[in-house]
Amino acid sequence: MIAGTLVATLLILHGLAGVVLIGLTTHQAVAVWKPKPIAAKNFIQAYVNTRSATYTNTVVIFYIATFFGGGLIYPTYVMDVKSTLTDSGMNPPIGLFELKEHLAVFGLAMLPSYWWLWKKASPADHVLARQMNTTVICAIVWLGFVVGYILNNIKGLL
Amino acid sequence: MNIPFALKVFAGVASVVYIVSFLQGYTLIRWYPLLGEASMEDLPNTAGPAMGWYSWILQSFVIGVAVAAVALFVPKNLTVRLGPTISWLIPLLVSIYTVYAEWHWFVD
């Protein structure tokens, strides 16, 4: 296992990268469902009117970095956090983390097609696939972030 | 070569292989964090908890790449309608099934 200070640093970086991913994927997922270009006359219209495709490479880079950062600190979770939760009989948080670890892999597997749909396919083609890829990845990022936040808080309280 | 179809096949196949590996316990290599060692054997309890996650990822991505390599050669006219859908529908369905499979944590 990695030493304590390094784990804490990686955990903070993992969380910060998750915040960036939340912002990127949410913005892109909201924008991808807009039916047609709209005038950006207020904050919400400007938010929806973003150039979604420009987010793609950054999403891929941050997703991979966040995933591998989480993979590095995962053994510490198993040895420290999960054992504490097990001893306390707190099964739901363990189940939430199980969902996070599985769904994060599915998101990783979707990244190549997600990237192709945004960067190589014509904007007029595969619209539903682009919308759904982006939305599913956004949902996975949200789940991962919220679960990590909950577990971090629980461990801080125990 | 049908690169778009191969990328979408990879998403579907890797997701399915991962969850099948997890549910069926197909774990090629286990990581023992207490020992700081990987082993292809199922070590006794004194070795501490075993982690299969890294192995399931490796297995799913190796098989996903292999199947995607075959998918490269599928004619494009056969994949126009099916191709884009499998990139998100299979991972989404697998995700929903995963929630079902892990539901016991929330009710037991």
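The expected span of a helix is taken here as 1.5 Å times one less than its number of residues, with helices (H or I, at least four residues) and strands (E, at least two) read as DSSP runs and numbered from the N terminus. The model is a predicted one, in which local features need pLDDT of at least 70, side-chain atom pairs count only at pLDDT 80 or more, and totals for chains, interfaces and linings use all residues. Residues are numbered from 1 along each chain as its sequence is written, while chains are lettered from A and ligands numbered from 1 in the order in which they are written.

Helix 2 of chain B is a handy place to start. Its 19 residues reach 26 Å from the first C-alpha to the last, close to the 27 Å expected at 1.5 Å a residue. Buried residues of this helix include B:Trp53, B:Trp56, B:Ile57, B:Gly64 and B:Ala68; a residue is buried if 20 or more other C-beta atoms, placed from the backbone, lie within 10 Å of its own, exposed if 12 or fewer, and partly exposed in between. The cover over the buried residues of helix 2 of chain B comes from both chains, and includes helix 3 and helix 4 of chain A along with helix 1 and strand 1 (30-32) of chain B.

Now for chain A. It has five helices and zero strands, and its C-alpha trace spans about 55 × 30 × 30 Å along the principal axes. Of its 158 residues, 39% are buried. Among contacts (C-beta atoms, placed from the backbone, within 7 Å) between residues at least 6 apart in sequence, 76% join residues at least 24 apart. A:Tyr55, in the loop between helix 2 (43-48) and helix 3 of chain A, is buried, with 21 other C-beta atoms within 10 Å. Leaving aside residues up to four places away in sequence, A:Tyr55 touches A:Leu24, A:His27 and A:Gln28. A:His27 sits 28 residues from A:Tyr55 in sequence, and their C-alpha atoms are 8.9 Å apart.

Where the chains meet, 26 residues of chain A are in contact with 34 residues of chain B. On the chain A side, helix 3 (56-87), helix 4 (91-119) and helix 5 (127-157) each give two or more residues, and helix 4 gives the largest share, 16 residues. This side divides into 18 nonpolar, six polar and two charged residues, where Ala, Val, Leu, Ile, Met, Phe, Trp, Tyr, Cys and Pro count as nonpolar, Asp, Glu, Lys and Arg as charged, and the others, Gly among them, as polar.

The axes of helix 4 of chain A and helix 1 of chain B (lines fitted to C-alpha atoms over the stretch in contact, with angles from 0 to 180 degrees between N-to-C directions) come within 7 Å and cross at roughly 175°. The two helices are therefore roughly antiparallel, a label for angles over 145 degrees. Residues making this contact include A:Ala109, A:Met110 and A:Trp116 from the chain A helix, and B:Phe10, B:Ala14 and B:Tyr18 from the chain B helix.

Apart from residues up to four places away in sequence, B:Phe10 touches A:Ala109, A:Pro112, B:Gly64, B:Val65 and B:Ala68.

Note on methods
Two residues are in contact if their C-beta atoms, placed from the backbone, lie within 7 Å. Angles under 35 degrees count as roughly parallel, over 145 as roughly antiparallel, 65 to 115 as roughly perpendicular and the rest as oblique.
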